[in-house]
Amino acid sequence: MNTHTNGAAGGLGVRARRLRDFGRALRLSRTELARADRMDAESVRRLQQGRLEILVRHAAAHSPFYRDHYRGIDGGNVALAALPPVTKDALMDDFDGWTTDRSLKLADLERHIDGLSGDDLHLGRYRVMATSGSTGGRGVFVYSEAEWTMNLANFARLNERLVGVHPRLLPHRLRVASVGTTSPIHISTRNGLSVSVGINRVLRLDARRSVDELAAALDAFRPDLVVGYPSVLAMLADEHEAGRLRFRPAKVVTVSEVRTPEMTETIRRAWGVEPFSWYGITEGGVLAGDCEHHRGMHVFEDLFIVENMDADGRPVPDGVVGHKLLLTNLFNRTQPLIRYELSDMVVLDSRPCPCGRTCRRVRSIEGRSDDILRLPARAGGQVAVHPITLRSPFARLAELRQYKVLHDEGRIHVLIVARDRSKSEATERRVRDSLAKALLDVGAQPPPILVETVAVIPRDQGHGAKFKLIESRPRVTPLATGSARRP
Ligand SMILES: [Zn+2]
């Protein structure tokens, strides 16, 4: 059991230390990050290149993994495109060699995560987070205090200058509700704990709770800002429209999952607000967020470099959906992430935004390349079916409250929550027919499609409790050891 020994360092209590860090983050957001927000594109490139050179030299000097990875590369002239990319699995396989602090050992971090409660620090100075590995393997990420302060500063920038909410003193403290995960190994929970310093009031709700319970909690708390998974916020907006939830938030932000145009429309119609969208990652906090014009999420290019790539690792032009992103986190020195692969399929846009920010925008997140289905093609061979092809038939089915498409063992299993259960048989048939047609239209031979009406669609088993609209579980080949997948 972790006690609060971590907060005693330097004689400063947990709350005092958190308040101090919050103050530092606010100052940083209003000075250094505010200057970056006003830079022209050329100045941002120069800033990025300077930070990249420092990062690459630091990694090559202090991380045995990167020393090896960059062997033979000219250290005097750092060109991003010449650096070999890295994957989560490769970094996790050599975790102790990846970090630049030799006192960080994966085994110790796993023990720390196991006993984690609240905002505990490892070795008195590191915050440790993990990804559940719902796609790809599990990842463990650490932030030093300086790195965490930068993440919080970026978070403050988002809140104050993009969404337009400010910390307020008593008696009208800012109320923020978050509907997602409450696990402390998740970065959003730690962000919430870090900013809950007696200035803001933060209510954290588990997205796995029933819609009725969530609605009652929001009605009682009456937040100024609601941040949450779009799948659950759209359900809550639906509840408001049906008169079962009185509360109407002034600002709504969606995070972590794909937000479909139907979800956006439900939120807009029910609550009369245009929802904001944040692109959050455990590997760096919030990578991008939209401004008041909602023309895509501005990438915070003073802190991150993103490169949009196709399946063969070639750059993808603006306006085209990529297969993966290469992320470089410019502020994390402890655990360098340089051209790190993210399986998100996004569209980038470099055109100017009316807000005047020059940074590029992520216009849409189409899903993850792990969720591309490979189905037999009618013409022979295989065809890759994009998640958007699978979502498109559902956009026209207003009788659905929620759905999930699961590709498993050579068949497609669709779970649906119908608005009117008495008509579910007809709805199931419509879902099956329209999905089969969408697959035929892209040249696939539709596999057996099983449609099932349920009361509730379960969320991800991992600690993130995310809702995946499309999930592909490729057929698992039994291992030679005999530990085959159970039927
Ligand atoms: Zn803008």
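**Helix packing and domain contact**

In this predicted model, the axes of helix H9 (residues 211–221) and helix H10 (residues 230–241) come within 10 Å and cross at roughly 75°. Angles from 65 to 115 degrees count as roughly perpendicular, and H9 and H10 are therefore roughly perpendicular to each other. The domain assignment gives domain 1 (4–368) and domain 2 (372–473), and H10 is among the elements on the side of domain 1 that touches domain 2.

**Contact of H9 with H10**

- H9 contributes Val 211, Leu 214 and Ala 215 to the contact.
- On the H10 side, the contact is made by Met 235, Leu 236 and Glu 239.
- By residue class, the contact of H9 with H10 has five nonpolar residues, no polar residues and one charged residue.

**Domain 1 and domain 2**

- Taken over C-alpha atoms, the centres of domain 1 and domain 2 are separated by 30 Å.
- Domain 1 gives 22 residues to the contact between the domains, and domain 2 gives 16 residues.

**The side of domain 1 that touches domain 2**

- Two or more residues each come from H10, helix H11 (261–271) and strand S14 (361–368).
- H10 provides the largest share of this side of domain 1, with three residues.
- The residues on this side of domain 1 divide into six nonpolar, 10 polar and six charged.

**H10 in both contacts**

- H10 packs against H9 through Met 235, Leu 236 and Glu 239, and H10 also gives three residues to the side of domain 1 that touches domain 2.

Technical notes
Residues are numbered from 1 along each chain as its sequence is written. This is a predicted model: local features need pLDDT of at least 70, side-chain atom pairs count only at pLDDT 80 or more; totals for chains, interfaces and linings use all residues. Axes are lines fitted to C-alpha atoms, for helices over the stretch in contact, and angles run from 0 to 180 degrees between N-to-C directions. Helices (H or I, at least four residues) and strands (E, at least two) are DSSP runs, numbered from the N terminus. Angles under 35 degrees count as roughly parallel, over 145 as roughly antiparallel, 65 to 115 as roughly perpendicular and the rest as oblique. Two residues are in contact if their C-beta atoms, placed from the backbone, lie within 7 Å. Ala, Val, Leu, Ile, Met, Phe, Trp, Tyr, Cys and Pro count as nonpolar, Asp, Glu, Lys and Arg as charged, and the others, Gly among them, as polar. Domain bounds come from an automatic or database domain assignment.
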